[in-house]
Amino acid sequence: MLQYVRIQNFKGIKSGEVKDLRRINLFIGKNDTGKSTIFEATYYTLQEYYSPRLQTIMNRRADVFTGGSELWFKYETRSPIILSTLFQGIRLDLTIEWRTEHNEIWVRFTGIGKKKPETGKSEKWTFEGNRYRGADFSFAVGAGNMIYRLPIDERTQRRLASFIENMILIDCTLKSSTTKIESRLSTLKIKGKDKEFGVLLEDTYGKGTEWEFLPHQDSPGETRLAIREAGRLTYFSDFGDGMRYGLGILGTAMSVKNTAIFIEEIESHQHLGSLRKLLKNLVQISRNNNLQIFISTHNADVWNSLSRGVYIEDSEREKEEFRCYVIERDPASGVVTTKRTDDVVEINRALGVP
């Protein structure tokens, strides 16, 4: 699992660091404090070790053209972007430089391995990887699969490659991604987990035990996700926003193992009762499937549902697997502070709760 993330000169963050990450990591903060940027810095740059992905950041949040310079804090491309993560004792650094003479963005990979018992020293390696056209960020060149060039043992390479390849970033657009969700749920059908998933839906939303892929009356040649309730079929497109989002989150989590899922604003469109059960079931799935979960929120109910719900009778487990971070950003300097806390007053202040 990831143990820390460090960011320099990336988008709205001049500098910032998150330490002591655990299985369940909750990021609390007001709008524009850098929560989504921390998720992007971790998700997209780790995936750069697997295949060129940086260009996909540019249009994630807005359906308009953006240039490569928007990756840099205040568009200042003279200083490199540096993004660091620690994965089970292996430090992975990504340095992104804008090379003006060629109008290209270069990515350099640096790693520091675990200390060798015989020498007490860590092995360090550096190599250049992917290259992009800078002005329109449209052309990528790179070998990909940089993980397999790391001088670490094959077993660790495979574990790291699987972790990165299967990482998932979820935002509220998932509720409209019918094809994506149906693909995830078809995986559960193939694995014979449909009954287990139906029980989760029933527990979370009060329906869903009988879910199936059936021909749609408007497109008989296509099978579509449907739930049978009181003898009536309801297709996915007719579900409420909250259930579609929650169904996508739970289905995604159940379909992967040994990786990380980043979830933005998990409270979106959720009734409080359903939110509490959604979080409870998500934590249980994370334990069963060895998932590291990152959640961002503006809502105190998310923290309450975890700290005073999931962990209310298990304080030792809470200390072991749950971390809550208050995220704040100085808009002038771009410095982000991430404070680990379980103080109710501090959490409410960060959320603007009186």
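Helices, of at least four residues, and strands, of at least two, are DSSP runs numbered from the N terminus. The structure described here is a predicted model.

Helix α1, residues 35–48, contributes three residues to the lining of the largest pocket, the largest share of that lining. The volume of this pocket is about 450 Å³. Its lining consists of 21 residues, among which D32, S36, T37, R61 and E264 are the closest to the centre. By class, the lining of the largest pocket comprises ten polar, nine charged and two nonpolar residues.

Sixteen residues, written here as 16, line the second largest pocket, and Y43, I168, L169, I170 and K180 lie nearest its centre. Two or more lining residues are given by each of α1, β9 (168–170) and α3 (178–190). Strand β9 gives the most, with three residues. The lining of the second largest pocket divides into eight nonpolar, four polar and four charged residues.

Helix α6 (residues 272–288) packs against helix α7 (residues 300–310) at an angle of about 60 degrees, and their axes are 10 Å apart. Angles of 65 to 115 degrees count as roughly perpendicular and those under 35 degrees as roughly parallel; α6 and α7 are therefore oblique to each other. The crossing of α6 past α7 is right-handed. On the α6 side, the contact involves L272, L275, R276, L279, K280, V283 and R287, which meet D301, V302, S305, L306 and V310 of α7. The residues of this contact comprise seven nonpolar, four charged and one polar.

Conventions
Residues are numbered from 1 along each chain as its sequence is written. This is a predicted model: local features need pLDDT of at least 70, side-chain atom pairs count only at pLDDT 80 or more; totals for chains, interfaces and linings use all residues. Side-chain values use heavy atoms; hydrogens and water are left out. Axes are lines fitted to C-alpha atoms, for helices over the stretch in contact, and angles run from 0 to 180 degrees between N-to-C directions. Angles under 35 degrees count as roughly parallel, over 145 as roughly antiparallel, 65 to 115 as roughly perpendicular and the rest as oblique. A crossing is left-handed if the near helix is turned anticlockwise from the far one by less than a right angle, and right-handed if clockwise. Contact means heavy atoms within 4.5 Å. Ala, Val, Leu, Ile, Met, Phe, Trp, Tyr, Cys and Pro count as nonpolar, Asp, Glu, Lys and Arg as charged, and the others, Gly among them, as polar. On a 1 Å grid over the protein atoms alone, a cavity is a set of points where a 1.4 Å probe fits but cannot get out, and a pocket is an open set with protein on both sides within 12 Å along at least five of seven lines; lining residues have an atom within 4 Å of a point. Grid points are joined across faces, edges and corners, and a volume is the space filled by probe spheres set on the points.
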